[in-house]
Amino acid sequence: MAHYTPKERLASPPVEEFGFPYPPYLIQGQLMQELFQVLELGKVGIFESPTGTGKSLTLTCAALTWLAQHEALVERELLQRIGQVEKELAKLDKESEQATDWLGVQGRFQVQREELRQLKHLMELLEKREQQLKEIKDRVKQNKRRRVKQVQQLREKDMSSSDSDSDHETSDKPEDSPEDRYRSVQIFFCSRTHSQLAQIVSELRKTSHHCWVRCISLGSRSSVRIPKCEP
């Protein structure tokens with residue numbers, strides 16, 4: 001899958017910009033800023049915090065704030081680099097008309113043109129992914145409205161509501177090959193208990209990140225399997 005690593009480094013934002021739903025304690029603000037830098041530098045962080053200090057909410061806000069700023073930086077750098085390479089190509093084109101080392105100029109021209117092709121391909125894949133996410137959100141909204149309407153109709157007929165197949169509709173479009181997809185950054189929040197995973201989803205809804213982030217709770221097979229009936 002296609003991927004882009006920014007050259008610029010992100011600095012930890014002020015505590016007020018982490019989307020924390022309440023005025024954070026000092027220890028919460030410090031943890032969010034430290035975790036932000038751990039993610040930015042690609043390091044491993046080991047943190048300890050007392051019980052009741054809001055670790056789940058703190059970790060969630062820090063990780064998602066970094067993710068939002070990272071994705072914005074990727075798009076910004078791609079656009080900036082595309083503009084720079086286009087200017088460099090225009091400059092080389094003028095130099096080739098008067099250059100004595102024509103082969104050298106053409107060699108640099110080919111290198112720059114290939115970089116521009118790769119950058120534009122990445123940008124196209126990124127825009128395609130954003131469009132696909134928008135279509136998914138639109139389908140979800142349509143299915144919700146359809147389900148509400150069906151439930152209202154069933155209530156009017158004095159019938160019990162049932163599951164609708166429209167909730168599970170998927171696109172009939174063929175899947176893209178791995179080379180034709182942009183590999184975005186994903187965040188995995190692991191826990192020993194399923195109740196804590198459910199708590200993370202609940203805490204996420206309290207933050208300002210809930211309007212753009214997509215999440216799913218994955219449980220172990222033992223928690224969802226159907227027990228065998230004894231003969």
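**Close-up views of the helices**

View 1. Ser56 is located in helix H2, which spans residues 55-98, and helices here are DSSP runs of H or I with at least four residues, strands being E runs of at least two, numbered from the N terminus. The model is predicted, so that local features need a pLDDT of at least 70 and side-chain atom pairs count only at pLDDT 80 or more, while totals for chains, interfaces and linings use all residues. Residue numbers start from 1 along each chain as its sequence is written, and side-chain values use heavy atoms, with hydrogens and water left out. Ser56 counts as buried because its relative accessibility is 9% (buried is under 20% relative accessible area, exposed over 50% and partly exposed in between, with a 1.4 Å probe and protein chains only). Apart from residues up to four places away in sequence, Ser56 touches Gln196, Gln199 and Ile200, a contact being heavy atoms within 4.5 Å. Gln199 belongs to helix H4 and is partly exposed, with a relative accessible area of 37%. Although Gln199 and Ser56 are 143 residues apart in sequence, their C-alpha atoms are 8.0 Å apart in space.

**View 2. The packing of H2 against H4.** Helix H4 covers residues 194-204, and H2 packs with H4 at an angle of about 60°, their axes lying 9 Å apart. The axes are lines fitted to C-alpha atoms over the stretch in contact, with angles from 0 to 180 degrees between N-to-C directions. The crossing of H2 and H4 is right-handed, that is, the near helix is turned clockwise from the far one by less than a right angle. On the H2 side, Ser56, Leu57, Thr60 and Leu64 take part, and they meet Gln196, Gln199, Ile200, Glu203 and Leu204 of H4. Ser208 and Leu64 are separated by 144 residues in sequence, but by 10.0 Å in space from C-alpha to C-alpha.

View 3. Gln28 is part of helix H1, residues 26-41, and, because its relative accessibility is 6%, Gln28 counts as buried. A polar atom of the Gln28 side chain lies 2.7 Å from the backbone oxygen of Thr53. Leaving out residues up to four places away in sequence, the residues touched by Gln28 are Phe20, Thr53, Gly54 and Thr58.

**View 4. The packing of H1 against H2.** The axes of H1 and H2 come within 9 Å of each other and cross at roughly 40°. That angle makes H1 oblique to H2, and the crossing of H1 and H2 is right-handed. From H1, the residues Gln28, Leu31, Met32, Leu35, Phe36, Leu39 and Glu40 meet Thr58, Leu59, Cys61, Ala62, Ala63, Thr65, Trp66 and Gln69 of H2. Cys61 counts as buried because its relative accessibility is 0%, whereas Cys190, at 69% relative accessibility, counts as exposed. The structure holds 0 disulfides, a disulfide being a pair of cysteine sulfur atoms within 2.5 Å.

**View 5. Glu88 and Gln112.** Glu88 also lies in H2 and, with 28% relative accessibility, counts as partly exposed. Its neighbours within four places in sequence aside, Glu88 is in contact with Arg81 and Gln112. Between the side chains of Glu88 and Gln112 there is a polar contact of 2.3 Å (a pair of N or O atoms within 3.5 Å, of which, within protein, one must be able to donate a hydrogen and the other to accept it; residues adjacent in sequence count only if both atoms are side-chain atoms). Arg108, 20 residues from Glu88 in sequence, has its C-alpha 9.8 Å from that of Glu88.

**View 6. The whole protein.** The secondary structure comes to 5 helices and 0 strands, which read along the sequence as α-α-α-α-α. Of the 231 residues in the protein, 27% are buried. Among the contacts between residues at least 6 apart in sequence, 74% join residues at least 24 apart.

Definitions and conventions
Parallel < 35°, antiparallel > 145°, perpendicular 65-115°, else oblique.
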